[in-house]
Amino acid sequence: MKISRLALMLTLPAAASAAYAGLMGTMALTLPAAASAAYASLMGTMVRPLASSTTDSIDLGDVLQNAPAGSPTVLVLGTYPADFNMIEYAQKLCHYVPKLKQKGVGRILCTVNGPPAACELLKDMLQLPEDVELLSDEAGQAGRDFGCSTGWLPENDDVSPYAKLLGMLVGLGAWNTLPSVITGYIGNPSGTNGWIQQALAQGQVAKRWPDMALDVDSATGAVTRNAFSELPLVGGWGRRPLELATLRLQTMIGVSLAKWDELKPTDNRCLTQLGGLVVVKDGEMIYEWRDNGICATADFEKVLEAL
């Protein structure tokens, strides 16, 4: 069945220490106190780098522990490849990588709850920059270790994962879903639209529909006209009404549903698992986020402020 959070979504107009404590392994006991609070939860969490010439996995906690001094590391805990939250994280990374680098970020890593082939396809479809190191985490273990939400009724194996997903769409186990979906339609005067415009343009050049919101130079990808900026009264808003909803429709049709068989989760637990983000510098966590709903991903403007 071709179904995803995206398809269902468009039918609808935390103390750090506590999160990590239950996940600390014996290795965490040997770490300095400041460092353990930042990455002990991920010690022993193994993921597979796509760029590796071998099949060897890496330890996420070890990567964070051994980052060069003074160089922040950004780690996105993604969801399955066809999922809206995962795609939105990827689209935000496409826009924000240069800004993160300007702030001194040394490494940008992103786990994806899918096999390597699906991760590679997602990367190609969204044209993720090489600076983003994708990591295959087919079972979603990294997100669970970090304390990301596993959605509604995660322990009830007798309930269909799609039924759980329907419950999440009305806020069960994901309270911020409806507000996050609705704001895509009504806009936000103080929001930001840079990443949305860039993602819409990339989708239009790739022949994904809707393709009428922007005028895009097919050779350079430069936006020469944005119809949302011409809207009366609201054209000057930071994020205009329907702007984000249009991107989500384009994403649903052109990515999630178009390639569902290739991008769907192989582990049903990942269908309802949400994502998150952490920034670590010198062994200390300086920013953290865990998605609290479908369509409720981290605000990268706040990530930049934390840096």
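This is a predicted model: local features need pLDDT of at least 70, side-chain atom pairs count only at pLDDT 80 or more; totals for chains, interfaces and linings use all residues.
Student: What is the order of the strands in the open sheet of 7 strands?

Tutor: The order is β2-β1-β5-β4-β3-β8-β9, and the pairing is mixed.

Student: Which strands stand at the edges?

Tutor: They are β2 (58–59) and β9 (284–290). Each has a single partner strand, so one side of each has no neighbour in the sheet.

Student: In which sense do β4 and β5 pair, parallel or antiparallel?

Tutor: Strand β4, residues 107–112, and strand β5, residues 132–136, are parallel and share 5 bridges. One of the residue pairs is Val112 with its bridge partner Ser136 in β5.

Student: Which helices pack on the sheet there?

Tutor: Helix α5 packs on the sheet and touches β3 (73–77), β4, β5, β8 (276–281) and β9. The direction of α5 makes about 175 degrees with that of β4. Helix α6 also packs on the sheet, where it touches β1 (46–49), β4 and β5. The angle between the directions of α6 and β5 is about 150 degrees.

Student: Turning to β1, what does it pair with?

Tutor: Strand β1 pairs with β2 in the antiparallel sense over 2 bridges, and 2 bridges also join β1 to β5, again antiparallel. On the β2 side, Val47 has Ile58 as its bridge partner. On the β5 side, Arg48 stands opposite Ser136.

Student: Which residues of β1 are on the covered face, and which on the uncovered one?

Tutor: Val47 and Pro49 form the covered face, while Met46 and Arg48 form the uncovered one.

Student: How many residues are in the largest nonpolar core?

Tutor: That core has 56 residues, and those with the most contacts inside it are Leu93, Cys110, Val132, Leu277 and Phe300. Helix α5 gives the largest share, 10 residues. Another core, of 14 residues, lies apart from it and includes Leu42, Val47, Leu109 and Cys148.

Student: What is Cys110 in contact with?

Tutor: Leaving aside neighbours within four places in sequence, Cys110 is in contact with Val76, Met86, Leu93, Val132, Glu133, Leu134 and Leu135.

Student: What comes just after α9?

Tutor: Gly187 does, with a positive phi of about 80 degrees. Just after α10, Lys207 takes a positive phi of about 70 degrees.

Student: What should α10 span, and how far apart are its end C-alpha atoms?

Tutor: Helix α10, residues 194–205, has 12 residues and should span 16 Å at 1.5 Å a residue. Its end C-alpha atoms are 17 Å apart, which agrees.

Student: Which residues of α10 are buried, and what do they pack against?

Tutor: Trp195, Ile196, Ala199, Leu200, Ala201, Gln202, Gly203 and Gln204 are buried in α10. The buried residues of α10 pack against α5 (84–102), α6 (116–126), β6 (214–216), β7 (223–226) and α11 (243–257).

How values were computed. Residues are numbered from 1 along each chain as its sequence is written. Side-chain values use heavy atoms; hydrogens and water are left out. Helices (H or I, at least four residues) and strands (E, at least two) are DSSP runs, numbered from the N terminus. The expected span of a helix is 1.5 Å times one less than its number of residues. Buried means under 20% relative accessible area, exposed over 50%, partly exposed in between (1.4 Å probe, protein chains only). Contact means heavy atoms within 4.5 Å. Two strands pair if DSSP finds at least two bridges between them. Axes are lines fitted to C-alpha atoms, for helices over the stretch in contact, and angles run from 0 to 180 degrees between N-to-C directions. A nonpolar core is a set of buried Ala, Val, Leu, Ile, Met, Phe, Trp, Tyr and Cys residues joined through side-chain atoms within 4.5 Å.
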